[in-house]
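Reader: I've got this one open on my screen and I'd like a close look at a single part. Could you walk me through it in plain terms?

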Amino acid sequence: MASDQSYVDYVCEQIADAGVISHRKMFGEYAVYCNEKVVALVCDNQLFVKLTDAGRSMLGDITEGLPYPGAKPWIVGDEYLEDVELITKLIRITADALPAPAIKKPKKKSAKKVAKKK
């Protein structure tokens with residue numbers, strides 16, 4: 001079952017103060033970004049927050065789950081969504097703990113495309 005856009009919008013509203021929040025549909029589900037870093041997934045209308053040492057330390061006892069078959073464990077974040085302050089802090093520290101996104105190099109035009117333009 002794919003996730004509903006309305007649920008993804010709700011998640012993004014709840015964490016809006018964590019940073020620059022965006023999402024992207026991927027394979028019928030959604031990746032949630034904070035400051036251009038993937039911090040969460042929404043799969044089957046369930047929130048999964050990327051598991052980091054900082055997040056584990058902040059929450060203590062957590063429930064882990066697999067967002068899709070073959071995935072590494074993520075924090076099941078649904079229980080934190082009603083506490084905006086807590087989920088915002090979790091998303092912020094998760095983003096801070098993750099490496100900066102790789103810089104994409106501009107694609108070079110192929111020789112065929114360059115030749116056609118001349």
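Author: Let's start with a term: a residue is buried when its relative accessible area is under 20%, exposed when over 50%, and partly exposed in between, using a 1.4 Å probe and protein chains only. This is a predicted model, where local features need pLDDT of at least 70, side-chain atom pairs count only at pLDDT 80 or more, and totals for chains, interfaces and linings use all residues. Numbering runs from 1 along each chain as its sequence is written, and side-chain values use heavy atoms, with hydrogens and water left out.

Now for the aromatic rings. Rings of Phe, Tyr and Trp (its six-membered ring) pair if their centres lie within 6.5 Å; planes under 30 degrees apart are stacked, over 60 edge-to-face, and the rest tilted. That rule gives a count of 1 aromatic pair. Here the ring centres of Tyr-7 and Tyr-10 sit 6.4 Å apart with planes at 45°, so this pair is tilted.

Where do Tyr-7 and Tyr-10 lie? Both belong to helix 1 (residues 5–14), 3 residues apart, which is about one turn of the helix. Helices here are DSSP runs of H or I with at least four residues, strands are runs of E with at least two, and both are numbered from the N terminus.

Tyr-10 comes out at 25%, so Tyr-10 is partly exposed.
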